[in-house]
Amino acid sequence: MLAAPCANPFDIARELLGASDELCATLEFLKDPLASQLSGEEERACVRDAMEAGHEAACQWVGNDLLSTLAEHGFFLRQIETGVVDTTVRNRIQARLVCQKDGGTLDLFMPQLRHKSEVLAALCGDGMPKDTLSWLIDLHIAHEFFHYLEHREGRSVGMRMRPVCMQGLLRVRSRHLSSPSEVAAHAFAYDMASGPVRPTASDYLVLLADGAMTGTEVVELVASARRFVKGGSHERAERRC
């Protein structure tokens, strides 16, 4: 478990830069409020299956031109320059895939991505690619491309897994987890674009640097994820990033 003195931002940055694939996947998965409805072993199985889905897809697509593939199916890239970066919020849209009947758009929100590249370059220095912005663009294109693959298949990664049963007012409802889709997309994107820091870790680094999360919050989340990876329990409070 991480100790409180590790709450220095640069110590946390080093911790996140060295975070494993499984640790980052766990950090992403545990944000899902439905995850608390599963047993510990079911949670770990979901994380493993989601990671595997992303890695397997990357093996099939590595070396391919993702934008050309999207264009062939009616999707085009838009670099959106409008909007400002609100450094106080945690939920930030950096890219999105908009699916329509015959194609759609892959939108990149450039102010967000430029801000992220500047923060990562400042925190990580020579550890980042020389053109950090280009790397981030490639990473987010790959992430959204995985969601395109889900769209083409007609189901998300979470829909491949057993739904969670929730007791409603009048009946029991089944709901699918949303986090496995993000875990898989992050794994796919990292395999396709590589780089010195995993996608989930990069998001936390930016939130930490902006002051949208405190060092203590990040330390506690990482410690909880480490316990989960080792087969122990984790705190089940809400973990929205």
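Me: At what angle do the axes of helix α5 (residues 110–124) and α6 cross, and how far apart are they where they come together?

Reply: Two packed helices are described by the angle between their axes and the distance between the axes. Here the axes of α5 and α6 come within 9 Å and cross at roughly 125°. That makes α5 oblique to α6; angles under 35 degrees count as roughly parallel, over 145 as roughly antiparallel, 65 to 115 as roughly perpendicular, and the rest as oblique. The axes are lines fitted to C-alpha atoms, for helices over the stretch in contact, and the angles run from 0 to 180 degrees between N-to-C directions. Helices (H or I, at least four residues) and strands (E, at least two) are DSSP runs, numbered from the N terminus. The model is a predicted one, in which local features need pLDDT of at least 70 and side-chain atom pairs count only at pLDDT 80 or more, while totals for chains, interfaces and linings use all residues. Residues are numbered from 1 along each chain as its sequence is written, and side-chain values use heavy atoms, with hydrogens and water left out.

Me: Which handedness does the crossing of α5 and α6 have, and which residues meet there?

Reply: A crossing is left-handed if the near helix is turned anticlockwise from the far one by less than a right angle, and right-handed if clockwise. The crossing of α5 past α6 is right-handed. From α5, Met110, Leu113, Arg114, Lys116, Ser117, Leu120 and Ala121 take part, and they meet Thr132, Leu133, Trp135, Leu136, Ile137 and His140 of α6. Contact means heavy atoms within 4.5 Å.

Me: How do α3 and α7 pack?

Reply: The axes of α3 and α7 are 7 Å apart, at an angle of about 35°. α3 passes α7 in a right-handed crossing. On the α3 side the contact involves Val47, Ala50, Met51, Ala53, Gly54, His55, Ala57, Ala58 and Trp61, and on the α7 side Pro180, Val183, Ala184, Ala187, Phe188, Asp191 and Met192.

Me: How many residues of α7 are buried, and what do they pack against?

Reply: Buried means under 20% relative accessible area, exposed over 50%, and partly exposed in between (1.4 Å probe, protein chains only). In α7, 12 of the 15 residues are buried, so the helix is largely enclosed by the rest of the structure. Among them are His186, Phe188 and Tyr190. The buried residues pack against α2 (21–29), α3 (40–61), α4 (66–72), α6 (132–153) and α8 (199–210). For the chain as a whole, 50% of the 241 residues count as buried.

Me: What length does α7 reach, and what span should α9 have?

Reply: The expected span of a helix is 1.5 Å times one less than its number of residues. α7 (residues 179–193) reaches 21 Å from its first C-alpha to its last, close to the 21 Å expected. The 15 residues of α9 (residues 215–229) should also span 21 Å, and the end C-alpha atoms are 21 Å apart, which agrees. Buried residues of α9 include Val218, Leu221, Val222 and Phe228.

Me: What follows each of these helices, α7 and α9?

Reply: Most residues other than glycine have a negative phi, and most peptide bonds are trans. After α7 comes Ser194, with a positive phi near 55°, in a residue other than glycine. Ser194 lies in the loop between α7 and α8 and is partly exposed, at 40% relative accessible area. Just after α9, Gly231 has a positive phi of about 95°.

Me: How many salt bridges does the structure hold?

Reply: A salt bridge is a side-chain nitrogen of Lys or Arg within 4 Å of a carboxyl oxygen of Asp or Glu. The structure holds 13. One of them joins Asp210 and Arg92, with the closest N and O atoms 2.7 Å apart. This pair links distant parts of the chain: Asp210 is in helix α8 and Arg92 in the loop between β1 (75–80) and β2 (95–100), 118 residues apart. Asp210 and Arg92 are both buried.

Me: Where do Arg44 and Glu41 lie?

Reply: Both are in helix α3, three residues apart, about one turn of the helix. Arg44 is buried at 15% relative accessible area, whereas Glu41 is partly exposed at 48%.
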